[in-house]
Amino acid sequence: MDTRKEPAKILLVTGGSRGIGESIALNAAKRGIDVILTYNKNADRANAVANTIGNGGGKAVALHLDTSQTGSFDSFAEQVAQLLRSEWDRGNFDYLVNNAGIAQRALICETREEMFDELVDVNFKGVFFLTQKLMPMIVDGGQVINISSGLARFAFPGVAVYGALKAAVEALTRYFAKEYADRRIRVNTVAPGAIDTEFGGGKGNENHRRQIASMTALGRLGEADDVGGFVASLLSEDSRFVNAQRIEVGGGIMI
Ligand SMILES: NC(=O)c1ccc[n+]([C@@H]2O[C@H](COP(=O)([O-])OP(=O)(O)OC[C@H]3O[C@@H](n4cnc5c(N)ncnc54)[C@H](OP(=O)(O)O)[C@@H]3O)[C@@H](O)[C@H]2O)c1
């Protein structure tokens, strides 16, 4: 019997310091996947996530990355390459999850160009150029998952730019799947519904939360783990023929 253990797969998830990204990192680790997680402002929280994974017998490293700073992507990629060599004795990794994102609310008539550009930089431009930069380091047969939003499918006042950019990310998913098909890299979108995290200042008072729950077939807000668990499951071999898809994880919101 061949007793050699398969080397662990490696996931790089952006925005892994809290919320959905933290849950993706923890759920992937539970499935035996090693993790590189990035943070922007919350180094302590990111290191705590890495420590939790390490204490559970897994392996994780936290790196700084501001996904709005495309000029830093060359040095980030070099940092990832060095880390892969030193920690895993590898030159590539298996999965990329583009999770980092920001929310800014304004009606269309009140949206300033500065706010528009900030949203574009993190939620769309960063996703495009980071993925472009890291694609050569992803194994053939690997996977990219882009985190979108239910707001790409349905509309609420105040989130026009955010929702439109998430719709753009969903289109981009299909284009990446097309252009990297020769390397059998699967590229999918996971679109969370209303998830109870700190995103955009959180989900507000009890009344607002009840309202969201009443628009959701399963009758509640989502938890970060509802999304993190699903994303981790999509990384498994059981999903090997799922490609170029948008999957909403929202409990049936706005159906
Ligand atoms: N929560 C929801 O209801 C909901 C619904 C649909 C879609 N989503 C999407 O799900 C993803 C995660 O959301 P969440 O709810 O987990 O949000 P969250 O709790 O606010 O966490 C956001 C994460 O993104 C990171 N981040 C923010 N700005 C960044 C930047 N410029 N560069 C790099 N990283 C940055 C944060 O890092 P630091 O903490 O280190 O600053 C943090 O790890 C986002 O793409 C969001 O659009 C969320």
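Helix 3 (residues 73-88) and helix 4 pack with their axes 10 Å apart and at an angle of about 45°, where axes are lines fitted to C-alpha atoms, for helices over the stretch in contact, and angles run from 0 to 180 degrees between N-to-C directions. Helix 3 and helix 4 are therefore oblique to each other; angles under 35 degrees count as roughly parallel, over 145 as roughly antiparallel, 65 to 115 as roughly perpendicular and the rest as oblique. Phe73, Asp74, Phe76 and Ala77 of helix 3 make the contact with Gly126, Phe129, Leu130, Lys133 and Leu134 of helix 4, contact meaning heavy atoms within 4.5 Å. By class, the residues of this contact of helix 3 with helix 4 are six nonpolar, one polar and two charged, with Ala, Val, Leu, Ile, Met, Phe, Trp, Tyr, Cys and Pro counted as nonpolar, Asp, Glu, Lys and Arg as charged, and the others, Gly among them, as polar.

The model is predicted, so local features need pLDDT of at least 70 and side-chain atom pairs count only at pLDDT 80 or more, while totals for chains, interfaces and linings use all residues. Residues are numbered from 1 along each chain as its sequence is written, and side-chain values use heavy atoms, with hydrogens and water left out.

The protein chain as a whole has seven helices and seven strands, these being DSSP runs numbered from the N terminus (helices are H or I with at least four residues, strands are E with at least two). Read from the N terminus, the elements follow the order β-α-β-α-β-α-β-α-β-α-β-α-α-β. The radius of gyration of the protein chain is 18 Å, close to the 18 Å that the globule rule gives for 255 residues, so the chain is as compact as a globular protein of that length; the radius is taken over C-alpha atoms, and the rule is 2.2 Å times the number of residues to the power 0.38. Along the principal axes, the C-alpha atoms fill a box of roughly 60 × 35 × 35 Å.

Seven strands form an open sheet in the order 3-2-1-4-5-6-7, with parallel pairing, and two strands pair if DSSP finds at least two bridges between them. Strand 3 (60-64) and strand 7 (246-249) stand at the edges with a single partner strand each, so one side of each has no neighbour in the sheet. From one strand to the next, the twist averages 20°. Strand 2 (residues 34-39) runs parallel to strand 3 and is joined to it by five bridges, and Val35 has Ala60 in strand 3 as its bridge partner. Helix 4 (residues 113-134) packs on the sheet, where it touches strand 1 (10-13), strand 4 (93-98) and strand 5 (138-147), and its direction makes about 175° with that of strand 4.

| Helix pair | Axes | Angle |
|---|---|---|
| Helix 1 (residues 19-30) and helix 2 (residues 43-55) | within 10 Å | roughly 15° |
| Helix 1 and helix 7 (residues 224-234) | 8 Å apart | about 45° |

Helix 1 and helix 2 are therefore roughly parallel to each other. Their contact is made by Glu22, Ala25, Leu26 and Ala29 of helix 1 and by Val49, Thr52 and Ile53 of helix 2, and its residues divide into five nonpolar, one polar and one charged. Helix 1 and helix 7, by their angle, are therefore oblique to each other. In helix 1, Gly19, Ile20, Ser23, Ile24, Asn27 and Ala28 meet Ala224, Asp225, Val227, Gly228, Gly229, Val231 and Ala232 in helix 7, a contact with seven nonpolar, five polar and one charged residues.
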